[in-house]
Amino acid sequence: MSGYTPMIQQYLSIKAEYQDAFLFFRLGDFYEMFFDDALKASKELEITLTSRDGGSQDRIPMCGVPYHAAAAYIERLIEKGYKVAICEQTEDPKQAKGVVKREVVQLITPGTVMEGKSLKENENNYLSSLEREEKHFALALTDLTTGENTVVKLASIDETVTEIYAVGAKEIVISSGFSDIILEQLQKRCAVAVSVSDEDELTEEIISYAEHISDPLLRKAFSRLYHYLKKTQMRNLQHLQKVKEYKLQQHMKIDLYSKRNLELTETIRSKDKKGSLLWLLDETKTSMGARMLKQWIDKPLLDPVEIDKRLNTVETFMNSYFEKEDLREKLKEVYDLERLAGRVAFGNVNARDLTQLRRSLEQIPSIRELVGSLKHPDAARHAEKLDPCEELTVLLSDALAEHPPISIKEGNIIRDGFDEQLDIYRNASKNGKTWMVQLEQRERQSTGIKSLKIGYNKVFGYYIEVSRANLPHLPEGRYERKQTLANAERFITPELKEKEALILEAEEKMAELEHQLFLQLREKVKTFISRLQSLAKTISELDVLQCFATVSDKRHYCKPQFTADEIRLIDGRHPVVEKVMDSQEYVPNNCLMNAERNLLLITGPNMSGKSTYMRQIALTAILAQIGCFVPAKEAYLPVFDQIFTRIGAADDLISGQSTFMVEMLEARNALAHATSRSLILFDEIGRGTSTYDGMALAQAIIEYVHKEIGAKTLFSTHYHELTILEKKLSGLENVHVKAVEDQGKVVFLHKVDRGAADKSYGIHVAELAELPEQLIQRAKKLLSKFEAAGASITREQSDVSAPQTIYPEKEQLSFFHEEEGKQEKAPSKKEMQLLKEIRELNILEMNPLEAMNELYRIQKKLKK
Ligand code: ADP
Ligand code: MG
């Protein structure tokens with residue numbers, strides 16, 4: 001460090017403590033960055049890179065942002081997953097001897113932002129920490145904006161990744177000794193910033209939050225998180241709530257793949273909320289409600305009693321239309337109490353926030369009355385939990401002016417009559433101003449100058465102004481000259497200055513006093529934090545329940561009933577597809593399954609609606625278990641403990657795993673964890689590999705599920721040959737999605753019926769996609785040949801487990817020679833196989849990347 005100026009030395013020693021953050025180093029009116037920080041920040045923020053002399057030979061790279069505009073720049077860095085350490089001057093530069101003292105006052109990280117655009121209103125912002133002990137993991141989560149603290153024990157890395165993904169944690173804190181392999185997995189599969197912190201000592205303070213948590217690993221995870229918060233925030237964390245432990249077994253388990261596949265909170269392709277179940281459901285009126293809705297979707301319930309409580313409330317709202325609409329109107333007026341409580345503790349609320357708090361609280365008594373009057377006890381019981389915090393409402397309405405400014409230093413915050421001393425100052429100022437008005441009138445009269453006026457500016461204070469034209473009428477020596485303008489003169493008198501002093505003094509004291517009073521008020525609000533938090537919780541619940549009622553009403557959903565082992569859905573629909581297309585066009589379908597009939601094998605042409613049908617069953621189960629009505633005319637369902645899916649050819653490109661590997665991982669997950677109370681959706685499993693390979697696997701999987709698991713299973717397949725399994729497996733039934741041919745074209749009816757589909761309509765789909773006519777004709781011709789060859793074999797076949805030879809050698813030759821009519825080398829068996837695979841590719845269901853991957857795979861095989 002030697003050779004550098006003292007200030008740069010100071011910079012370097014502070015920077016050494018914050019290696020992984022941008023250090024915003026306060027220099028006068030700017031935050032400056034130096035060295036590597038400057039190089040990187042100038043690029044990321046697109047600001048000019050300069051340099052300065054720092055005492056050493058080379059100039060030091062530097063860039064900076066003005067302090068008053070810093071928030072926007074900080075936000076951009078946080079959004080990109082960086083951390084920012086704010087380093088302020090902590091002594092008055094005028095008083096400083098040598099270099100001004102500087103200290104980091106806050107470390108802002110993706111998991112600890114309290115404001116700005118990166119903080120989404122409708123989503124929690126979680127900071128997490130992870131501990132590992134052999135196979136077990138402990139995850140602690142804090143939303144600093146709401147003060148919510150939770151911990152959960154997890155049994156595997158898969159469960160852990162799923163949980164981190166599902167809650168959408170922004171940042172994860174781990175010890176420096178944490179396993180690299182696991183960390184790599186985490187980073188690959190969840191977009192989460194990583195922070196290392198080794199402090200995990202269990203202090204008194206931490207125990208006070210977590211005394212009821214007995215598991216030492218969970219305590220340790222929370223300890224690490226808490227120390228990290230203390231270290232980064234360096235301020236009051238009074239709004240943090242007692243740690244709550246939740247257990248995965250308390251909720252329906254849906255693994256990471258299935259959550260993505262079912263598009264619960266975002267779509268697979270665009271990662272947008274639009275098109276997801278959350279998007280369909282979100283009729284909440286408050287951001288607290290929207291956040292809770294997301295949590296509920298993520299954690300469907302298992303206890304039918306709890307589910308029924310929710311359903312009953314939803315039903316009650318549906319039967320009380322006017323009350324529900326009234327509630328919706330009132331909820332609109334309710335501010336984000338939860339985040340407000342957090343900001344109160346942080347000490348950064350202004351008077352406007354508190355006015356909004358007042359307005360929100362004013363809604364509570366009437367909401368309480370309204371909810372209390374609802375017919376069903378499950379609905380009405382919410383009223384008791386609505387604490388209107390009357391003392392706080394009274395305090396805020398007594399204390400706060402009707403329309404206070406944002407600034408808390410310029411007065412006009414406190415209402416008249418709230419504080420005696422403030423009223424005295426206000427009167428003094430008011431009287432002084434009245435005196436000025438009277439003076440103006442008096443002087444106009446005695447001088448006869450009608451345009452004479454009293455004015456005020458910051459430099460000269462109060463003055464009397466006389467226009468140049470009127471100057472001759474002014475008696476000599478009446479006032480003291482102060483300022484000359486182009487067409488007027490300004491004057492003062494000793495009496496004027498005397499009054500001015502009184503007014504200004506009163507105003508200055510007023511502003512100071514109001515600031516003090518406001519700070520006191522804020523301290524008082526702090527004592528209500530936990531009451532506000534529990535009020536927020538009840539409001540959120542009501543908001544989500546009215547939201548369910550609103551959607552169910554609008555979309556004509558029915559109340560689900562829970563059964564021991566039966567699924568009976570009459571006229572069920574896919575909630576999102578139905579919304580997206582005109583609901584008139586959606587073809588409703590039934591689903592009937594029970595203990596004896598727990599495996600449906602679904603066949604049908606491409607694009608007929610197999611995937612949609614399967615998803616609709618899963619989404620219906622999830623809707624039922626979060627307590628919402630479901631898209632059907634009648635719905636009887638068991639309570640599912642878990643849902644597993646393997647849907648479509650979605651490729652987990654981010655993690656770099658191949659389609660087929662993903663397919664197998666998802667299948668393994670289902671087979672390893674499903675129980676007889678689970679729901680499994682296998683959509684065209686085995687498609688990612690060669691035909692026989694895939695078909696063999698598909699059949700083996702069906703048999704395994706049938707024999708070993710007994711879960712309710714929907715299995716769609718393009719392997720027609722599998723439909724024969726109905727004869728072999730007692731619990732399996734064939735259903736198919738109907739399509740008819742109309743004048744040589746396929747028409748999808750989207751209707752699910754008993755029995756197997758009889759034909760592959762692939763060529764017709766190709767026709768719909770307008771492939772060249774010549775090609776279509778050729779394909780039709782080939783198909784009939786293949787069918788003729790295959791049919792004889794299928795007929796003889798009693799057990800499908802042996803691969804079939806659908807393409808006899810003779811056919812292979814003619815395949816290439818017929819059209820060209822000239823001799824060419826016959827394609828090898830491998831080439832034939834690849835051609836067949838190309839023919840079977842489901843191009844309409846692939847995105848360009850998937851298609852490219854597939855092409856790459858085929859080319860690689862050909863080159864071998
Ligand atoms: P498959 O899996 O059989 O190839 P999909 O389930 O992907 O078919 O459905 C293809 C398209 O058909 C869907 O995108 C949807 O637009 C439409 N569709 C599916 N089911 C229905 C239905 N029940 N009613 C109306 N349209 C449907
Ligand atoms: Mg499909």
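The model is predicted: local features need pLDDT of at least 70, side-chain atom pairs count only at pLDDT 80 or more, and totals for chains, interfaces and linings use all residues. Residues are numbered from 1 along each chain as its sequence is written, and side-chain values use heavy atoms, with hydrogens and water left out.

**Exercise 1.** Find which strands of the seven-strand sheet have a single partner strand.

Solution. This open sheet runs 13-23-24-25-21-26-27, again with mixed pairing. At the edges stand strand 13 (253-254) and strand 27 (745-754); each has a single partner strand, so one side of each has no neighbour in the sheet. Further in, strand 24 (residues 679-683) and strand 25 (residues 712-716) run parallel, joined by five bridges. In that pair, F682 sits opposite F715 of strand 25.

**Exercise 2.** Say which residues make the nonpolar surface patch of about 180 Å².

Solution. The patch is made by V740, V747 and L749. Patch members need over 30% relative accessible area and no salt bridge, and nonpolar side chains (Val, Leu, Ile, Met, Phe, Trp, Tyr) are joined within 5 Å. A salt bridge here is a side-chain nitrogen of Lys or Arg within 4 Å of a carboxyl oxygen of Asp or Glu. Take V740, which lies in strand 26 (residues 732-742). V740 has a relative accessible area of 35%, so it's partly exposed (buried is under 20%, exposed over 50%, partly exposed in between, with a 1.4 Å probe and protein chains only).

**Exercise 3.** Look at phi of M234 and of K271: is each value positive or negative?

Solution. Most residues other than glycine have a negative phi. M234, though, has a positive phi near 50°; M234 is in the loop between helix 7 (216-233) and strand 12. K271 has a positive phi too, near 60°, and belongs to the loop between helix 8 (256-261) and helix 9 (277-281). At 40% relative accessibility, K271 is partly exposed.

Definitions and conventions:
Chains are lettered from A and ligands numbered from 1 in the order in which they are written. Patches are made of residues with over 30% relative accessible area and no salt bridge: like charges are joined within 9 Å, nonpolar side chains (Val, Leu, Ile, Met, Phe, Trp, Tyr) within 5 Å. Accessible areas come from the Shrake-Rupley method with a 1.4 Å probe; for residues, only the protein chains shown count as cover. Helices (H or I, at least four residues) and strands (E, at least two) are DSSP runs, numbered from the N terminus. Two strands pair if DSSP finds at least two bridges between them.
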